[in-house]
Amino acid sequence: MSTPVRRCSAIVVLFSVLALLGVGVTPAAAEVVHPRQDWLRASTAGLFLHWGMRTAPGYTSCSAWENAITAGGWSPDYWITEAQKLHAHYLVLASFHSRLGYGKAWPSKVPGSCATKRDFVRELLDAAGKRDMKVIMYMTDDPQWHQEGRPSGSWLDSAAYSRYKGRNVDITTRDGFGEYSYDSIVEVAQRYPDLAGFWIDNDNAYWERNGLYERVRKERPHFLLSNNNEDTPIMDTISNEQKTGMSPDYDYPQAVYTAAPRLIEACFKLPSTGPWWYNGSDSAVDHQLTIGRYVTNLGSDVKALMAETAMVNGKFPAKQAAFNNFLKSYFDRIRESIHGVHGGGYGHGGLKPGFWNDGAHGVTTVAKDNPDRHYIHTLTRPSGSTLRLRDNGYRVLKVTNLRTGAPVKFSQANGSLTLTGVTDWDQYDTVFRVDTGGRTGVHPAGSVTVTASASATGHGPALLNDGNPGTYWDSDKTTPVSLRFDLGARKPVRYLALNQREDSVSYARSATEQSARIKDYRVYVSDDGANWGSPVASGQLPSHRGVSFVDIPQTTARHVRLEVVSTWAAASDGKRHKQLRIDEAWLGSAHVS
């Protein structure tokens with residue numbers, strides 16, 4: 001990664017020779033969910049490695065860098081072992097990096113920047129393949145740093161590339177470098193068909209003009225496309241880089257602005273300050289920040305791509321190596337709560353995540369193989385010995401402290417699960433396993449008809465209870481706006497639940513990046529759908545991620561109307577001002593007791 005504002009792209013490609021000939025292609029369509037994504041959807045995390053010529057102590061030639069690597073005893077198995085300690089499932093290797101000297105860790109036949117004779121990429125892929133680890137290659141699009149760190153001259157050799165092409169190409173310009181990097185991507189893809197992908201840092205107009213992404217789909221439709229900080233429809237994945245400013249600071253997903261089922265990745269440094277690559281220092285890893293980021297990403301179905309600073313010989317500085325050893329043991333003890341799970345409180349059911357009682361905060365997860373088994377990850381403990389969160393209609397049978405195996409006392413009332421007498425809080429993540437008997441007291445979707453006072457084309461209110469959280473109702477930027485729920489007959493009503501679309505940050509990150517969630521609301525009930533009377537509930541929903549609940553005094557009615565008076569985004573955010581999108585909405589007949 002070059003600078004905090006750069007966007008990163010993960011692209012998996014395999015081109016034929018025709019790719020270089022500029023043969024026309026048909027524009028590719030977006031596929032939000034596709035089998036080619038399955039391996040990444042099943043992953044928890046990845047390890048990002050910036051490993052180039054300018055990694056301290058720094059070299060000016062690939063031969064000197066290669067000799068230092070070999071003399072230092074580099075082994076690909078070391079990286080794979082360290083990634084597995086982090087419970088990661090893939091590696092991203094950055095050697096062809098704009099600020100690391102554009103060095104290629106493979107014997108490249110495309111001249112323009114230096115390359116090693118030893119095939120480090122092949123060795124890494126072979127080792128990874130034996131241990132069920134995926135490898136993604138980072139490739140840059142950017143020539144602007146071609147002189148950085150040199151006393152004179154450039155890391156890029158336009159003359160050599162021009163001879164290779166048979167015409168003059170200045171690869172220190174953006175367009176010339178686009179052509180050079182295009183050829184380099186083709187070469188890597190042809191040499192290494194077992195790569196899982198490419199991490200391409202930023203985009204380039206040359207690629208767009210020459211149908212790079214469309215050719216990926218044409219030549220290898222089962223390969224991934226991804227990019228960072230910009231949700232481009234053709235891509236499979238969007239990555240979000242080193243977001244800050246959240247409260248609590250570890251809750252990285254508060255700054256995510258893309259909704260599932262889109263594949264979402266968060267990339268961040270384990271030494272939270274300093275460059276993405278090794279600079280000669282043994283920087284500390286903030287355990288609470290890193291573990292919090294990892295777990296909150298997990299609880300939001302976001303993949304955590306963690307950057308560690310590999311030295312020239314591939315080894316990590318002592319403090320990062322020690323953290324890896326710690327995390328292996330730490331996560332091994334709660335493995336069932338972080339592998340094979342969905343984030344809870346979104347499109348897969350689950351207990352409500354986020355801000356709980358007495359200062360507590362955390363996320364929940366749901367077992368993929370058993371939707372009635374849940375986990376509560378308490379990252380910030382409450383001030384006392386009691387933890388309380390919304391139960392989302394699940395009848396709880398048993399609660400266990402996952403680390404100790406000890407049973408935990410609990411009760412349910414008024415829509416909440418309360419754990420009491422908890423004294424053995426873990427310093428980073430206290431995990432409770434919650435076994436349930438399923439959900440109860442929820443009116444079946446098929447028994448409720450939903451209408452709206454306004455809707456955007458193609459996003460009508462029927463999508464709120466169609467059983468598919470990937471579809472949504474859109475208010476067409478209209479407020480006030482109302483949703484009306486018709487139960488078909490007078491039935492008991494106790495609460496309204498909403499999964500608002502997670503396509504905006506959940507706090508005012510900037511004047512133009514704000515939350516598109518419900519702020520002020522009123523709820524009415526009626527027997528005939530004409531006479532509504534006074535609101536039975538009103539107030540303000542907090543701008544938080546995950547399922548939201550509006551409690552209604554126990555009543556019996558046929559019609560329920562939610563009136564959204566306002567949303568959180570200010571007029572300065574022209575995209576999200578008055579925008580309201582809701583994935584799912586349902587009515588509860590009674591709380592679990």
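In this predicted model, helix H5 is followed by Gly166, whose phi is positive, near 80°. The helix itself covers residues 158–165. At its start, a side-chain oxygen of Asp157 comes to within 3.3 Å of the backbone nitrogen of Ala159. Four residues of H5 are buried: Ser158, Ala160, Tyr161 and Ser162. The partner of these buried residues is helix H6, residues 174–191, against which they pack.

The largest nonpolar core holds 92 residues. Those with the most contacts inside this core are Trp51, Trp79, Leu91, Met137, Met139 and Phe198. Helix H6 gives the most to this core, with seven residues. A second core of 28 residues is separate. Among its members are Leu483, Val493, Val523 and Ala557.

Open space was examined next. A probe the size of a water molecule, rolled over the atoms, shows where empty space is left. The largest pocket has a volume of about 640 Å³. Its lining comprises 34 residues, and the closest to the pocket centre are Ala260, Pro261, Asp301, His342 and His348. By class, the lining of the largest pocket consists of twelve nonpolar, 13 polar and nine charged residues.

The second largest pocket contains about 480 Å³ of space. Its lining has 21 residues. Asp231, Tyr257, Thr258, Ala259 and Asp503 lie nearest the centre of this pocket. Seven of its lining residues are nonpolar, six are polar and eight are charged.

The structure holds three cavities of 30 Å³ or more. The largest cavity has a volume of about 110 Å³. It is lined by 14 residues, and nearest its centre lie Asp251, Tyr346, Gly354, His361 and Arg545. Strand E12 gives the most, with three residues. The lining of the largest cavity divides into four nonpolar, eight polar and two charged residues.

Two single residues were then considered. Thr378 is found in strand E13, which spans residues 373–380. Thr378 counts as buried because its relative accessible area is 1%, under the 20% cut-off. Beyond residues up to four places away in sequence, Thr378 touches Trp356, His361, Leu387, Trp425, Tyr428, Asp429, Thr430 and Phe432. One of these, His361, is also among the residues nearest the centre of the largest cavity.

Ser283 is found in the loop between strand E8 and helix H9, residues 287–298. Its relative accessibility is 21%, so Ser283 counts as partly exposed. The cut-off for buried is under 20%. A polar contact of 3.2 Å joins the side chains of Ser283 and Ser281. Leaving aside neighbours within four places in sequence, Ser283 is in contact with Pro271, Lys319 and Gln320. Thr173 lies 110 residues from Ser283 in sequence. In space, the two residues are 35 Å apart, C-alpha to C-alpha.

Note on methods: Residues numbered from 1 in each chain as written. Predicted model: local features only at pLDDT ≥ 70, side-chain atom pairs only at ≥ 80, totals over all residues. Heavy atoms only, no water. 1 Å grid on protein atoms, 1.4 Å probe; cavity = no way out; pocket = protein on both sides within 12 Å on 5 of 7 lines; lining within 4 Å. Points joined across faces, edges and corners; volume = space filled by probe spheres on them. Nonpolar A, V, L, I, M, F, W, Y, C, P; charged D, E, K, R; others polar. Buried < 20%, exposed > 50% of the residue type's maximum accessible area, 1.4 Å probe, protein only. Helix = DSSP H or I, 4+ residues; strand = E, 2+ residues; numbered from the N terminus. Contact = heavy atoms within 4.5 Å. Polar contact = N/O pair within 3.5 Å; in protein donor to acceptor, adjacent residues only side chain to side chain. Core = buried A, V, L, I, M, F, W, Y, C linked by side-chain atoms within 4.5 Å.
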